[in-house]
Amino acid sequence: MTSATFPPSPPENTSWSRYFGFNTDAKVIGIQYIVTAFFFFLIGGLLAMIIRGELITPAADLVDRTVYNGIYTMHGTIMLFLFIFPVLNGLNNLLIPTMIGAPDMAFPRLNAVAFWLVPIFGALLIGSFFVPGGPAYSGWWSYPPVSTQNPLGHFINGQGLWITAVALSGVSSIMGALNFVTTILRMRAPGMGFFRMPVFCWTALAAQSLQLIGLPALTGGAVMLLMDLSFGTSFYQPEGGGDPVLYQHFFWFYSHPAVYVIILPVFGIFSELFPVYSRKPLFGYVYVCLASFIIVALGLVVWVHHMFPSGVAQWMRNFFMFSTMLIAVPTGVKVFAWLGTIWRGKLRLTTPMLFCLGGLFNFVFAGITGIMLATVPVDIHVSNTYFVVGHFHYVIYGAAVMGIFAAIYHWFPKFIGRMPYEGLGKVHFLFTFVGANLNFLPMHPLGLMGMPRRVSSYDPEFAFWNVLASLGAFLLGVSIIPFLLNMVSSWVRGPKAPHNPWNAIGLEWLLPSPPPEDNFGEHVPTVIARPYGYGTGEPLVEHQAEIENQLTLQEASA
Amino acid sequence: MTATPHLNTEHPKHNLTGFIIFLCSESVIFLAFFSGFALLKTAALNWLPPGVEGLEWRTPLLNTVVLISSSGTIWLAERCMSKGNLMGFRAFWLLTMALGAYFLYGQALEWSGLQFGLTSGVFGGTFYLLTGFHGLHVATGVFLMGLMLVKSFIPQNYAGGEQGVQATSLFWHFVDVIWIILFVLIYVWQRS
Ligand code: HEM
Ligand SMILES: [Cu+2]
């Protein structure tokens, strides 16, 4: 394979309109996913502002209690199914093909269909605000019997729409997962064996395998829930011989793995970025790769830790307490690998690096509260309190969303072709880090004191911590402004990005910024080394120097 | 529509990989239904609704025999195909479709003779859910076979890889295995 006709010229069709139609290019779909996800992020965030606005005072004075139930239900549902999953699928679409040197996904049309389902079920879910009786109000778990009540008796009701939307989201995610897994398994560049694959692809493979195993169970459970709600069956109704706890099993059999679907790619992002900004190879690369699959295996057998108070057998409590604690081992391996990578590195505190460091800090904190929750006696005490809410917001906002921001700042130049502004980025980081900690730290003392979650009024003794949390939430709300400003202005008129602004190693950095539609096309470079050869001077691919020279020449002449 | 014309053509060689992964994932739904069924049944005080004696097993047993033999005929069809015998392929393929259609007919016959409905407690609910969801798969299989049969009349279509045929036949075996488990769970395991 020669590099004579390499690098491919930059893309010709850069018109805006391709983002609004049925396009099958993974890079277009990736951006469609991310922009759509942030649209819903704003809606979910607005709901969060209402929640924290209500909770800044002990009395229920901002919204009606039933409305409040609908708001936190929709907040959780939107953030998970319409923000986190779509934004991660966006990153998968951008990164997987370029990182492994594939021209596109294995099934481009399926990929586009999977994306277009997102606005469809998004509209269904948002539309449920406007049906008689309002949206679903049974929390993002939708446990029966609350979720099988239909007091107004309309066939089309908020809960029914909720279940339909979640099922459609499942269909879309399964389509996506099929695509990502097939692409990673079948379309890697020559020479890229599994142990030369970037960690992000490992974690994506792990996360998407979890989707394939877990989602069908949720879908099955949701079908039965919908039948109970709308067609009079009694799968979960004790009067008819059913069992409400069965639904909890279905729900958590998926929704516990779902948290690893979220955090695994973020582990991937950390593993990609720490080496770049520390100028050192990733410490313990092979162990980090393998740990992802150990997490998959263990992650499938811990779900009952969400049901310790639900009347499950004692042996189950013991078993699931033990298995949950075991997960800390592979997770700890990764944390040590990142610390080992940063240790004595030449740190460059750019915006993406700051987000990674902040995310890692928050993740460690959340891991500690997670282990506390895994301990049955502690969990019985704090389950269904703000302690749990604090725990998972530290992971999801503090670690996952921060990691996603890191990824966006890091890869923005590659896929948009322009540099984001560092100053705005750092302001964004500062507000996010301070806001998240101020928002979610107070939830832990609140939970330990016994404040239940999902209430709109509370005893005045909880007021102090609640005020702090609300202030943190408003700061988080504000933190989005520098982010959006940065994205829009740098997209429109930011400085042009060179092919490798961060001096990173990886196939995606051997493409022009933005990459042409079919990436490397026919001229995929042959990989000859493990990733992350920072400071070793080893090339990643054959003819690396020539490729880079030509890219630089191309940029100079443009 | 701004679909891009030439570059992103589908990659047919990955279709089978994708389909196998899909089947693995699909089997989890059945696994969920089966384990839910087992859990509800073992926990039930009165499994059978009042007035129901149990399930008649003769029609379903005949159906089982039909479905299992259709797995054999589809295998024969595939063998003909790999030997380049297109007529033999069509014959066995059509036979498989007929057996599948007969299965659906038998299922409908059984359903229409039952004295309980979807809402007759968990017994009725799980029965119709499991058999209905499986029946949907049988119908899908027959439909896919019809599609492949039509395709076989397009000249040169099956000259290269026959991934569509392979995938359909895989799906059919899958539907068959699911039925055997289902038959054991629902009809053989009658006492609780
Ligand atoms: C060391 C790792 C972790 C452990 C040991 C752990 C443990 C737990 C336990 C025992 C609960 C149940 C608390 C209860 O409901 O009483 C819980 C809740 C939760 N965790 Fe974690 N967790 C860990 C990591 C994560 C990660 C990485 C995420 C997400 C990215 C996450 C997201 C959640 C969510 C969303 C909930 C609450 C769901 C709800 O009740 O609404 N956790 N965790
Ligand atoms: Cu969990």
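Predicted model: local features only at pLDDT ≥ 70, side-chain atom pairs only at ≥ 80, totals over all residues.
Residues are numbered from 1 along each chain as its sequence is written, chains are lettered from A and ligands numbered from 1 in the order in which they are written, and side-chain values use heavy atoms, with hydrogens and water left out.

Me: Why is His256(A) called buried?
Reply: Buried means under 20% relative accessible area, exposed over 50%, partly exposed in between (1.4 Å probe, protein chains only). His256(A) has 4%, so it is buried.

Me: And what makes His306(A) partly exposed?
Reply: Its relative accessibility is 28%.

Me: How do you know which residues are donors to the copper ion (ligand 2)?
Reply: Donors are N, O and S atoms within 2.8 Å of the metal (3.2 Å for Na, K and Ca). Water is not among the atoms, so sites may look incomplete. Here ND1 of His256(A), NE2 of His305(A) and NE2 of His306(A) lie at 1.9 to 2.0 Å, so they qualify. Their spacing in sequence is H-x48-H-H.

Me: Why does the pair His256(A) and His306(A) tie together separate parts of chain A?
Reply: His256(A) sits in helix α6, and His306(A) in the loop between α7 (285–299) and α8 (314–342), so the pair joins parts 50 residues apart in sequence. Helices (H or I, at least four residues) and strands (E, at least two) are DSSP runs, numbered from the N terminus.

Me: How far is the copper ion (ligand 2) from the iron atom of ligand 1?
Reply: They are 4.6 Å apart.

Me: What makes the approach of Asp379(A) to ligand 1 a polar contact?
Reply: A polar contact is a pair of N or O atoms within 3.5 Å; within protein, one must be able to donate a hydrogen and the other to accept it, and residues adjacent in sequence count only if both atoms are side-chain atoms. A polar side-chain atom of Asp379(A) is 2.5 Å from an oxygen atom of ligand 1, so the pair passes. For Trp140(A), a side-chain N or O atom is 2.8 Å from an oxygen atom of ligand 1. For His391(A), a polar side-chain atom is 2.9 Å from a nitrogen atom of ligand 1.

Me: Which helix gives the most to the shell around ligand 1?
Reply: α11(A), with five residues.
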